Amino acid sequence: MSKRVLLATEKAFAAPAVKGIEEIFSKAGYVLTKLENYKEKSDLLKAVETAEAVIIRSDIVDKEVMDVAKDMKIVVRAGAGYDNIDIAIAKEKNIVAMNTPGQNSNAVAELVIGMMIYLARGKFNGKSGTELRGKKLGIHAYGNVGRFVAMIAKGFGMEVYAYDPFVAKEKMEADGLKVFTEMKELYKNCEYISLHLPKTKDTVKSINYDVLSQMPEGATLINTARAEVVCEESIVKIMEERKDFRYATDITPSNDKEMQIYGDRYFATPKKMGAQTEEANINAGIAAANQIVNFFEKADISFKVN
Ligand code: 3PG
């Protein structure tokens, strides 16, 4: 029986990625339905009703969605962070949840570098800015994105440091990084900090005033991870206190309007842009489609996260 797959992307993939996904499912003899650029959750609720497999991006797959998705066997988050899937409920309902780690990492890393330059040059306001060369960059959490950021930043002549209690020190050192085993040391020593933490109960609001106030003169925080890991009140407090502090984020904070008063020291993308490249869409979308076919045809559960 041909499987029914739903591609549900509130933020659509680039056309070549969709074409690649279509080709994979057509070759497998599966039926693909597309729900792209949808605006209402009710659209998703309706579309998942008959789907046996679903590909999503940051789309929320919670209990309400899984309750109506009676045939759903697998949901693949085409991307890295899967905090948008209630994985406990998925497990309870025997739905396999997967991600596609690493597939969009370079895109996010390039955005990190772009945002560092943008703020270092005062958002191209015509006044003299500063350069990245010779500056210290601290990578907070050394996963796939952190690794790409480190690699590119070294090409810019930055001194790259890392802190990640879940990654072996030797692994980071082998990549040519200087490693701090204390988080505070990373913040104390680096003018630039790039966040790559997942959103968990331990990381929410963990980047707070105590942490940020350690940063040296000319501090810049770049957040391409999740909005929730940064404490918004703390950012406001530090931006108020320190005229040298800059913040760029790829996830619009709830206090974005209030933050606009910081002018050239603050930047938020209008919509999460980290993974929004054709290449990343192709990599993650095709990986997700192949993972679904391999799951049904070969019972392959590589990349299962629950
Ligand atoms: C990820 O976790 O892979 C990134 O945050 C990208 O999210 P997106 O697919 O919604 O752009």
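How do the residues lining the second largest pocket divide into nonpolar, polar and charged? There are 3 nonpolar, 3 polar and 10 charged ones. Keep in mind that this is a predicted model. The views below start with that pocket.

**View 1. The second largest pocket has a lining of 16 residues.** Look for Glu10, Ser58, Ile60, Ile251 and Lys272, which lie nearest the pocket's centre. The space inside comes to about 330 Å³.

**View 2. The largest pocket holds about 1100 Å³ of space.** Here 48 residues form the lining. Gly81, His196, Leu197, Pro198 and Lys199 are the ones nearest the centre. Sorted by type, the lining has 20 nonpolar, 16 polar and 12 charged residues.

View 3. Helix 6 supplies the largest share, with 4 residues.

**View 4. Gly285 sits in helix 12, which covers residues 278-298.** This glycine has a relative accessible area of 0%, so Gly285 counts as buried. What does Gly285 touch, leaving aside residues up to four places away in sequence? Its contacts are Phe13, Ile21, Ile55, Ala78 and Ala280.

**View 5. Gly285 and Leu7 are 278 residues apart in sequence.** In space, their C-alpha atoms are 9.4 Å apart.

Notes. Residues are numbered from 1 along each chain as its sequence is written. This is a predicted model: local features need pLDDT of at least 70, side-chain atom pairs count only at pLDDT 80 or more; totals for chains, interfaces and linings use all residues. Side-chain values use heavy atoms; hydrogens and water are left out. On a 1 Å grid over the protein atoms alone, a cavity is a set of points where a 1.4 Å probe fits but cannot get out, and a pocket is an open set with protein on both sides within 12 Å along at least five of seven lines; lining residues have an atom within 4 Å of a point. Grid points are joined across faces, edges and corners, and a volume is the space filled by probe spheres set on the points. Helices (H or I, at least four residues) and strands (E, at least two) are DSSP runs, numbered from the N terminus. Ala, Val, Leu, Ile, Met, Phe, Trp, Tyr, Cys and Pro count as nonpolar, Asp, Glu, Lys and Arg as charged, and the others, Gly among them, as polar. Buried means under 20% relative accessible area, exposed over 50%, partly exposed in between (1.4 Å probe, protein chains only). Contact means heavy atoms within 4.5 Å.
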